[in-house]
Amino acid sequence: MNTVSRDWLNKLHKVELHLHLEGSLEPELMFKLAQKNQITLPFESVEQVRQAYQFSNLQDFLDIYYQGANVLLEEDDFYDLTWAYLTKCHEQNVIHVEPFFDPQTHTDRGVPFGTVVKGISRALKDAESQLGISSKLIMCFLRHLSEDEAFKTLAQAEPFLDLIIGVGLDSSELGQPPQKFSRVFAKARELGLLTVAHAGEEGPAEYVWTAINDLKVSRVDHGVRSTDDPKLMKYLIETRMPLTVCPLSNTKLCVFDDMSQHNILAMLEQGVCVTVSSDDPAYFGGYMTENFVALAESLDMSKDQAISIVKNSIEASFASKERKQQMMELL
Ligand code: ADE
Ligand code: ZN
């Protein structure tokens with residue numbers, strides 16, 4: 001087998017469209033911030049934290065992920081978190097990113113919305129000027145919370161809309177269908193925001209349909225369960241509706257038992273606009289390069305397939321026409 005090398009995949013210019021900033025919190029920074037902010041962690045050491053990262057489903061992971069985010073309190077903490085992620089992007093030739101953040105995880109602990117968004121945005125701005133990484137920021141609503149709480153969060157975001165391109169929907173999927181948030185997404189669109197949503201990660205293909213029809217999303221996050229529904233597959237192919245697929249996340253959370261069973265390349269070959277992202281890299285064992293390497297090693301992904309995936313990501317991004325053109329020319 002002629003496996004595409006890690007070096008080639010690392011050098012390939014890449015675009016990341018599905019990344020939770022809170023999920024890029026490495027245990028080392030978690031400990032540093034816990035000490036600074038005098039927060040007690042339920043772990044003795046960085047090694048113990050990493051050992052705890054064994055998940056059998058999405059909820060298992062979310063319980064630990066929300067606990068980790070408790071160490072983030074001040075604007076500089078959000079800056080440092082975001083900057084650490086962007087430094088990693090630079091090392092891996094990721095040239096455009098559209099990260100998510102979960103404001104409710106922080107505002108529910110008394111951290112002001114502005115503290116979160118200002119720290120993140122300052123790091124994104126510095127990355128543009130110092131590292132050449134362009135970005136668009138997406139704020140997610142937690143779907144296990146109520147519609148009313150999502151409306152309150154949208155209201156808190158209003159003074160900062162110049163810093164945010166769109167809204168997303170994340171957290172526990174099962175039993176939390178997208179249509180629960182139809183009205184708040186409609187209001188977000190009225191405010192000029194674009195929309196995306198997690199759907200078809202653990203939940204059924206039906207949730208992908210409702211994300212598209214009720215929330216009017218521009219992209220579906222994950223969407224790997226779409227292959228259960230041939231009509232949906234036909235729709236995704238015909239409309240070029242992008243899926244932001246996260247291979248290492250899917251195996252870590254047991255959406256697929258093994259990477260060799262992942263359906264991303266089969267979807268790519270059928271003409272679905274699939275993209276690759278890392279989701280929560282500090283928790284799932286790898287950033288962009290590691291996700292591409294996993295596909296090369298377990299699914300024998302070719303160089304042409306890797307390039308097609310990046311082209312899909314550029315097409316699916318919210319970057320300007322000029323920036324898209326510039327990025328396409330690097331491939
Ligand atoms: N929040 C962070 N990562 C997530 C995922 N993979 N699915 C849903 N919500 C999330
Ligand atoms: Zn996600």
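Select histidine 198 first: it is buried, with a relative accessible area of 4%. Buried means under 20% relative accessible area, exposed over 50%, and partly exposed in between, with a 1.4 Å probe and protein chains only. The model is predicted, so local features need pLDDT of at least 70 and side-chain atom pairs count only at pLDDT 80 or more, while totals for chains, interfaces and linings use all residues. Residues are numbered from 1 along each chain as its sequence is written, chains are lettered from A and ligands numbered from 1 in the order in which they are written, and side-chain values use heavy atoms, with hydrogens and water left out.

**The zinc site**

Next, select the zinc ion (ligand 2). Which residues coordinate the zinc ion (ligand 2)? The donors are His18 (NE2), His20 (NE2), His198 (NE2) and Asp279 (OD), at 2.0 to 2.2 Å. Donors are N, O and S atoms within 2.8 Å of the metal (3.2 Å for Na, K and Ca); water is not among the atoms, so sites may look incomplete. Along the chain, the donors of the zinc ion (ligand 2) follow the spacing H-x1-H-x177-H-x80-D. Histidine 18, in the loop between β1 (14–16) and α2 (27–37), and histidine 198, in strand β7 (residues 194–199), are 180 residues apart, and the pair links distant parts of the chain. Helices (H or I, at least four residues) and strands (E, at least two) are DSSP runs, numbered from the N terminus. Histidine 18 counts as buried because its relative accessibility is 0%.

The angles among the four donor atoms of the zinc ion (ligand 2) run from 84 to 175°, and the site is irregular. Four donors count as tetrahedral if all angles lie between 85 and 135 degrees; four count as square planar and six as octahedral if opposite donors are over 155 degrees apart and all others between 65 and 115; anything else is irregular.

**Tyrosine 65**

Move to tyrosine 65, in helix α4 (residues 58–69). Tyrosine 65 counts as buried, at 3% relative accessibility. Apart from neighbours within four places in sequence, tyrosine 65 is in contact (heavy atoms within 4.5 Å) with His20, Glu22, Gly23, Asp102, Asp280 and Tyr283. For a distance across the model, select asparagine 213 as well: its C-alpha atom is separated by 30 Å from that of tyrosine 65.

Rolling a probe the size of a water molecule over the atoms shows where empty space is left. On a 1 Å grid over the protein atoms alone, a cavity is a set of points where a 1.4 Å probe fits but cannot get out, and a pocket is an open set with protein on both sides within 12 Å along at least five of seven lines; lining residues have an atom within 4 Å of a point. Grid points are joined across faces, edges and corners, and a volume is the space filled by probe spheres set on the points.

A search of the whole structure finds one cavity of 30 Å³ or more. The volume of the largest cavity is about 100 Å³. To find this cavity, select His20, Leu58, Leu62, Ser171 and His198, which lie nearest its centre among the 16 lining residues. Helix α4 supplies the largest share of this lining, five residues.

The largest pocket holds about 340 Å³ of space. Select Glu128, Ser135, Lys136, Leu137 and Leu163, the closest to its centre of the 16 residues that line it. With four residues, α7 gives the most to the lining of the largest pocket.

Now select α10. Seven of its nine residues are buried, so α10 is largely enclosed by the rest of the structure. These buried residues include Tyr207, Trp209 and Ile212, and they pack against β7, β8 and α11 (230–239).

In the loop between α10 (205–213) and β8 (219–222), select lysine 216. Lysine 216 has a positive phi of about 55°, although it is not a glycine. Most residues other than glycine have a negative phi. Is lysine 216 buried or partly exposed? At 46% relative accessibility, lysine 216 counts as partly exposed.

Continue to histidine 222, in strand β8. Its phi is also positive, near 75°, and histidine 222 is buried, with a relative accessible area of 0%.

Finally, select valine 245 in strand β9 (residues 243–245). The contacts of valine 245 beyond four places in sequence include His222, Val224 and Ile264.
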